[in-house]
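Thanks, everyone. Let me put the model up, and then I'll walk you through it.

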Amino acid sequence: MATHSAIGFVEYDGSVRAIYCHSDGYPDNQMPLLTENYDTIEKVEELLDLGDLSFLGKGIGTQKDFNNPDHNLCLPYSARGEDVPAKDYVSIQHFKNAHPYSDYLYLFDGVEWSWEKVDHHTFRATEEA
């Protein structure tokens, strides 16, 4: 069973740009990957430019075989021919409302990552992950 998540970046105006991630979205997996590999605005923007993901990896590269992926790289839906770009939301609340079937939500504010279990509705700072 997949643990669904959504990964977003809070823009300077409070809007959120985000993608969906289908598998392995639990904090023990996602938070280390996000905090260690996507720790700058530029890296987060590059991640979001991939569009929706099957799973998050340590790096961004070209995945040629969707059925036999390199698990060190993110596996975007585009690797199987689907174009599912990042979506824009006017606020954090709109981002939350748009992902009721995700188990966890992750947000980068330009400095640090935070996460929320969808049924708890409170983002936690990186140290609490």
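I'll go from the overall fold to one strand, then to the core and the rings.

First, the ground rules. This is a predicted model, where local features need pLDDT of at least 70, side-chain atom pairs count only at pLDDT 80 or more, and totals for chains, interfaces and linings use all residues. Residues are numbered from 1 along each chain as its sequence is written, and side-chain values use heavy atoms, with hydrogens and water left out.

The overall fold. The protein chain has three helices and eight strands. Those are DSSP runs, numbered from the N terminus: helices are H or I with at least four residues, strands are E with at least two. The order along the sequence is β-β-α-α-β-β-β-α-β-β-β.

Now β1. Six of its six residues are buried. Buried means under 20% relative accessible area, with a 1.4 Å probe and protein chains only. One side carries Ser5, Ile7 and Phe9. The other carries Ala6, Gly8 and Val10.

Which strands does β1 pair with? It runs antiparallel to β2 over six bridges, and parallel to β6 over five bridges. Pairing here requires at least two DSSP bridges between the strands. Val10 stands opposite Val16 in β2. Gly8 has Leu107 in β6 as its bridge partner. The β1–β2 hairpin has five residues between the strands, and Gly14 in that turn has a positive phi of about 90°.

On to the core. The largest nonpolar core has 20 residues. By core I mean buried Ala, Val, Leu, Ile, Met, Phe, Trp, Tyr and Cys residues joined through side-chain atoms within 4.5 Å. Ile7, Leu34, Tyr38, Leu47, Leu56, Tyr106 and Trp113 touch the most other members. β1, β2, α1, α2, β6 and β7 each give two or more residues. Apart from this core lies another, of nine residues, including Tyr89 and Phe95.

Last, the rings. The whole structure holds four aromatic pairs, meaning Phe, Tyr or Trp rings (six-membered ring for Trp) with centres within 6.5 Å. Phe9, Phe108 and Trp113 form one cluster.

Technical notes
Buried means under 20% relative accessible area, exposed over 50%, partly exposed in between (1.4 Å probe, protein chains only). Rings of Phe, Tyr and Trp (its six-membered ring) pair if their centres lie within 6.5 Å; planes under 30 degrees apart count as stacked, over 60 as edge-to-face and the rest as tilted.
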